[in-house]
Each structure stands twice: as C-alpha cells, then as structure tokens.
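Here are some notes for a colleague who is opening this structure for the first time. Please read them with the sequence and the structure side by side.

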Amino acid sequence: MKHSNISIFIPHIGCPHKCSFCDQTTISGAQHLPDGNEVREICSKALNEVRSPEETEIAFFGGSFTAIPRDYMLELLEAAHEFVGEGKFRGIRCSTRPDCINNEVLSLLKTYGVTAIELGAQSMSDKVLEANERGHTAEDVFNASRLIREFGFELGLQMMIGLYQSTGADEWETMEKILEIHPDTVRIYPVVILKGTKLAELLKNGEYQLFGGANDEREYYDFDDVVDVAATMLETFEESGIRVIKCGLHASEFVEKDMVGGYYHPAFRELCESMIYQLAISNELDRYAGIVAGKGYSPEEWKEYRNKIQGVFTVAVHPSCISKAMGHKKSNYLHFLENGIEIKIIGDESVPKYKCRVYK
C-alpha cells in the first residue's frame, strides 16, 4: 500500500542559519505560521478524505522543526497527536537539521507520536557544507542519524546535487556516505537557485558557475548531465533498499516564478526514471545481439550487429513501471524508433523495478 503525507508547511523560523540556497517561502509556498487550531482543521478534514489513514503520516515540512521555539513546537505536536492512533493516522513526520537533534529532543518527539525524522544533510563534504553556510559538519549527520536510529524512528536523509563548490567527486562521496548510513528514505534535490538567496548573488557575480568553466572541476554541467547523475543515484539507492521518496523539487508556480538558475523540471523524477529504463533497454538489446564489452568491430560486424537489433522487440518490465519504461512523453519509445527499433512494453510481475527483459 502506498504511503502518503498530510503536509503542513512551517516557514523558516528558529533555524540558526540561512543556507546559501534557502528561501523556504518560495519552496513551500507558505506565507504564514499555522497554529494548533489550523493543524487540527487540516488533520480533521484529511481524516475524512484520505482512503488509508493507517498508511498516512502528518508531516511538518518547510523549516527545521526541532529548532523552532519550543512552545510553538509543542503546540503543533499536541494538535497533531490528537489524530494519531487506532483508526487515525499512522504517525507524525518532521524535517530538521542534523545539529538540532539530541536525546532530550528525541524523547519529546517520541512522546508525541513522531514516527519519522528527516535530516537535511545536503552534502557529506565539509568543504561544500561550509561554502554553503550550512553550519554543521558531515560528522553531525552521522551522529544525528545514529541517535535517531537508537530511538527507533524511521530515518530520512535529504541531499542536494550541484551546490556551490561541489565537484563531481563530492557528489559521489555524498552518495557513498549516505549508503553507509543506510537511511530508510532519501530525497534527492538538484540545486535550484532562487531570487534573494546567496546562490543567486554568487551566480550573478560569476563566482558560481553552473555550466562549468576553465577551472571548474565538476564532472557535469548541463541539465541532461544532472539528470544522468540523479538517475544513477536514484537507481543505486533503490537497489540498496533505500526508498527515494522525492527526486527533484515538487512542481510549483512559486519556484518557476522565482528561480534564476539551476536544474528544475516539474517532472524531474520521471525524466530520471526514463533515463534508467533507456539504459536498461539498451543494455538488454546489446546482450541480445551478443555484444562483448570492449570489442572493436569491423564495418561488416557492425552491420551484422545493427541488423540484429533492428525490428520489433518486446520489453518486459514490472507492471507498475510500464509508463516509466515508455519514457517521459514517450521519449524512450521515440528514441529507439529513431534507431530502427520498435519497443512494445508489457508488464511482468517477475521483473524487478528498474530492470527489464528484451526478446523478439
């Protein structure tokens, strides 16, 4: 059964730092502080509308929840807790900073029915964290994650791709360290530069170059390359048993209006999953044609190979992934058709997610 959230956005208050990329009002669309009564109204309405409340959590997003004034945090928790339990919602989810987690805070959250905590790690490179004014270290992420696990909460980590001064090596290091922590869930956010942020200022004066430069060490520069990086991470996390619950910022008129650069697309995850399947289908077609990695081909051998993989092929994928395999706006179908291959995609329960079988 699919998990869902009743999202309640808390604007940027109480957080001890304003990071280089941060503009929570634009990201969340939140313009005011919800009080306890508003939380009750939202939860009461949702309880009557949600099909499976036992698989649904009340989620406090938008700021650093454990850094807001304590009285206000308790007001929100007390209101939400009234809607948790048998016949009601499964629990409460909140997001916060790694350096705003300790034993006392976790005990309090446990008392009020919090079930999952997401940490904004963003990067696991201290150099990148400092450059983007995060105010915490990679070690803080490890320590907070350990404490959250010790208290029995579900653990989520959030990471960003393409931050100021982050190199390709830094991105892969972040992925590897998150794999080491092995949270229950991950959110992957390609950087989006919003008006009024430090990143916007750095972009304007030329210190921050999204598309490379003579001294830029980053290994990817354009939108398609970032899709490739995110797709690889998405597949790697999922294959490691870590659910990726978000890939790319949610579609928002606020973000589209206020962004001045970065890697935003309203269907970013769909683009990533299309890429995963395009590569999977290509690899299976190569196997069908008997390709051996690293082999050089004469013109005659290449012609034979091309003949083998032209025509109509059936591609079996998990039934839940048929549209993903077809590609965003049928992009994969059209990609292969341009190369003389028509793919017919069918569902097969025995095929794992992000895998496929190809046959004529």
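1. Cavity. Searching the whole structure turns up one cavity of 30 Å³ or more. The space in this largest cavity is about 30 Å³. Its lining consists of P190, V192, G248, L249, Y263, Y264, H265 and F268. Sorted by class, six of the lining residues are nonpolar, two are polar and none is charged. Please keep in mind here, and in every point below, that this is a predicted model.

2. Overall make-up. The chain has 360 residues, and 50% of them are buried. Its secondary structure amounts to 14 helices and 12 strands. Among contacts in the chain with a separation of 6 or more, 78% join residues 24 or more positions apart.

3. Nonpolar core. In soluble globular proteins, nonpolar side chains tend to be buried together. The largest nonpolar core in this model has 104 residues. Which of its members touch the most other members? They are I58, F60, F65, L109, I117, I188 and F237. Taking F65 as an example, and setting aside residues up to four places away in sequence, its contacts are F60, M73, L76, L77, C94, S95, T96 and L109. Two of these contacts, F60 and L109, are also on the list of core members that touch the most others.

4. F61. This residue belongs to strand β2, which covers residues 56-61. F61 has a relative accessible area of 10% and is therefore buried, the limit being under 20%. Beyond the residues up to four places away in sequence, F61 touches N5, S7, I8, F9, I10, R93, S95, E118 and R187.

5. Helix α6. How does the span of helix α6 compare with what its 13 residues should give? Residues 138-150 form this helix, and at 1.5 Å a residue they should span 18 Å; the end C-alpha atoms are 19 Å apart, so the two values agree. The buried residues of α6 are A138, V141, A144, S145, L147 and I148. An α-helix has 3.6 residues a turn, so residues three or four places apart point the same way. The elements against which the buried residues of α6 pack are α4 (103-111), β4 (114-122), α5 (126-131), β5 (154-161) and α7 (168-181). After α6 comes G152, with a positive phi near 85°.

6. Most residues other than glycine have a negative phi. Q165 has a positive phi, near 70°, and sits in the loop between β5 and α7. Is Q165 buried or partly exposed? Its relative accessibility is 42%, so Q165 counts as partly exposed. Y354 likewise has a positive phi near 70°; its place is in the loop between β11 (341-347) and β12. With a relative accessibility of 1%, Y354 counts as buried.

7. R357. Strand β12 (residues 357-359) contains R357. The relative accessible area of R357 is 37%, so this residue is partly exposed. Apart from neighbours within four places in sequence, R357 contacts T314, V315, A316, D348, S350 and V351. Between R357 and E284 there are 73 positions in sequence, while their C-alpha atoms are 6.8 Å apart in space.

Note on methods:
Residues numbered from 1 in each chain as written. Predicted model: local features only at pLDDT ≥ 70, side-chain atom pairs only at ≥ 80, totals over all residues. Heavy atoms only, no water. Helix = DSSP H or I, 4+ residues; strand = E, 2+ residues; numbered from the N terminus. Expected span 1.5 Å × (residues − 1). Buried < 20%, exposed > 50% of the residue type's maximum accessible area, 1.4 Å probe, protein only. Contact = heavy atoms within 4.5 Å. 1 Å grid on protein atoms, 1.4 Å probe; cavity = no way out; pocket = protein on both sides within 12 Å on 5 of 7 lines; lining within 4 Å. Points joined across faces, edges and corners; volume = space filled by probe spheres on them. Nonpolar A, V, L, I, M, F, W, Y, C, P; charged D, E, K, R; others polar. Core = buried A, V, L, I, M, F, W, Y, C linked by side-chain atoms within 4.5 Å.
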